[in-house]
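Please look through this structure with me, point by point. Keep the sequence open beside the 3D view as you read.

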Amino acid sequence: MTTAGWLQALALVALLAVSVPFLGNYMAKVYGDEKRAPGDRFFLPVERFIYRLCGVDPEREQRWNIYAISVLAFSAASILLLYLLQRVQEHLPINPTQAKGVPAPLAFNTAVSFITNTNWQNYSGETAMSHLTQMAGLAVQNFASAAVGMAVAIALVRGIVRRRQGTLGNFWVDITRTVTRILVPVAIVFGVFFISQGMVQNLHGYQKVKTVEGTTQQIPAGPVASQEVIKELGTNGGGFYNANSAHPFENPNPLTNLAEMYLLLVIPFSLAWTFGKMAKDKKQGYAVLAAMVILWVATGAVAMVMETNGNPKLDAARVSQQVTATQSGGNMEGKETRFGPAASGLFASSTTHTSTGAVISGHDSFTPVGGMMPLVNMMFGEVSPGGTGSGLYGMLVFAILAVFIAGLMVGRTPEYLGKKIQGAEMKIAVVYLLAVPLVILCFAGASVVMGTPVKSILNPGPHGLTEVVYGYTSVSNNNGSAFAGLSGNTDWFNTTFGICMLVGRFILMIGVLAIAGSLVRKQRVPTTAGTFPTGTPLFAGLLVSVIV
């Protein structure tokens, strides 16, 4: 791999290493049970206004089932409003490109996609959506869906940490604090940085320019930077442009590319640190964080090496993959030339280890092993480090499964942080673990049997089957990236992908909250010498093996 590729990877690791403890500690104070939190003087008046406006009592906590109903109600209302906004956008203001109303199947798919934090796009953003829809619909849901995921993760942490209680916090307070104290401040800072680097941010429509050849070209403009920053920070992935983060207006240079990778990783990694702080046992957070890092580094390194080494069949055919006499260009097929194979491999692995789905290259054109890495990352359940919130609660469910297996091996009742893991939790965990694989297999199989992908796949044969499997894996895991050879804008794919997104988001969330509700009522039991140690490197290794 090139020196530049290694330096970029090391720079990303260094940035994360510096900021994860800081942000993790800060979020622990934001979500903690203490009465005071950082920034109260500034944020509390804003939050109190929101609570009064919405009729929320911030002092009233919720049982797990009420918390789950709140999640579902908020998400259902969000889907309906975003669907309606798309359908009538041609009659609304701030539409300089005269975008028409979105057809019903596509509007349904898009609404479900953005509310579930998937952001799968069966449309070209710069032509299909008005600026109002982009700002008031899609960008708003980028904040809201990320906040919902983080709220559910924190509810699970409270369920594990608290004892002999019946409540998990207040959903409306959790999402309000997430948006006002975490997402918006970080988004403002990096949004300004993106604009300073040349990322587009305006309310213009198409701009006519003269090319060097003397012809005219229409350049699409709009509120790009403000959506780009929360797209990555909230592990959403829906791009303003059809080319997503490969577009120079959406990702101008290697510096913004590094910042985008940092944003999509920083909150998921930091939440593991937050877990350790809230549990008052940093070693627990270290073990979860270590498991996340091991998987991220392993598959990221493989993807980078495979893409920078290039395609051996081209070498055998005596096709040069050299940039210079001494430097290999690697597999440049489907790559943005500003970033190259190493950055593309790292970005692809990071975006599929999280639930982001943003891309700077065509995953469909990766080498066989390089392309396998994004697919494997999603099949792991996107827990390394996973999406905003979904990564942590997914990893904690795997931790509960791991201690159950370990407990059986040592002949003891399994325990996690002093809470006994029993049949009730394991039954829910089994449903959690099987729900996504089942919908992937059922719908992918039905698609092939019915012949629906025939007109939608670019590459017939085995690779075309991979395109279909990748698509269902992506939407079911709320990722949103695609093997670009699949054209999903059909009634079949819009509908079935929408169903998979709903299952992958809300069946899992309900399961997580049910586990939290079961654990929060339990008393902690004293840790004995026979209890499997969970705050150790051994447990991190066990977590990795269970996930794999």
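1. Start with naming. Helices (H or I, at least four residues) and strands (E, at least two) are DSSP runs, numbered from the N terminus. Pro385 lies in the loop between helix H13 (368-379) and helix H14 (390-410).

2. A word on the source. This is a predicted model, where local features need pLDDT of at least 70, side-chain atom pairs count only at pLDDT 80 or more, and totals for chains, interfaces and linings use all residues. Residues are numbered from 1 along each chain as its sequence is written, and side-chain values use heavy atoms, with hydrogens and water left out.

3. Now helix H7, residues 171-196.

4. Look at both ends of H7. At its start, a side-chain oxygen of Asn170 comes to within 2.9 Å of the backbone nitrogen of Trp172. That is a polar contact: a pair of N or O atoms within 3.5 Å, where within protein one must be able to donate a hydrogen and the other to accept it, and residues adjacent in sequence count only if both atoms are side-chain atoms. After H7 comes Gly198, with a positive phi near 105°.

5. Thr176 is in H7. Thr176 counts as buried because its relative accessibility is 11%. The cut-offs are these: buried is under 20% relative accessible area, exposed is over 50%, and partly exposed is in between (1.4 Å probe, protein chains only). Setting aside residues up to four places away in sequence, Thr176 touches Glu47, Ile50 and Tyr51. Contact means heavy atoms within 4.5 Å.

6. A kink of about 35° lies at Val266, shortly before the proline Pro268. H9 is mostly covered, with 22 of its 25 residues buried. At the start of H9, a side-chain oxygen of Asn253 reaches to within 2.9 Å of the backbone nitrogen of Leu255. Just after H9, Lys280 has a positive phi of about 55°.

7. Beyond residues up to four places away in sequence, its contacts include Ile115, Thr116, Asn117, Ser145, Tyr393 and Asn478. A polar atom of the Arg505 side chain lies 2.6 Å from the backbone oxygen of Ser145.

8. Gln98 sits in the loop between helix H3 (64-87) and helix H4 (104-115), and its phi is near 55°, a positive value in a residue other than glycine. Gln98 is exposed, with a relative accessible area of 57%. Asn478 sits in the loop between H16 and H17, and its phi is also positive, near 55°. Asn478 is buried, at 6% relative accessible area.

9. Turn to H3. Its 24 residues reach 35 Å from first C-alpha to last, close to the 34 Å expected at 1.5 Å a residue. Its buried residues include Tyr67, Val71, Ile79, Leu82 and Leu85. What covers the buried residues of H3 includes H4, helix H6 (131-161), H7 and H17.

10. Last, Ile421. Ile421 lies in the loop between strand S4 (419-420) and H15. Ile421 is buried, with a relative accessible area of 1%. Leaving aside neighbours within four places in sequence, Ile421 is in contact with residues including Ile400, Phe404, Tyr416, Met426 and Leu519. The C-alpha atoms of Ile421 and Ile515 are 9.8 Å apart, though the two residues are 94 apart along the chain.

Notes. Expected span 1.5 Å × (residues − 1). Bend = angle between axes of the 7 residues up to and from the residue.
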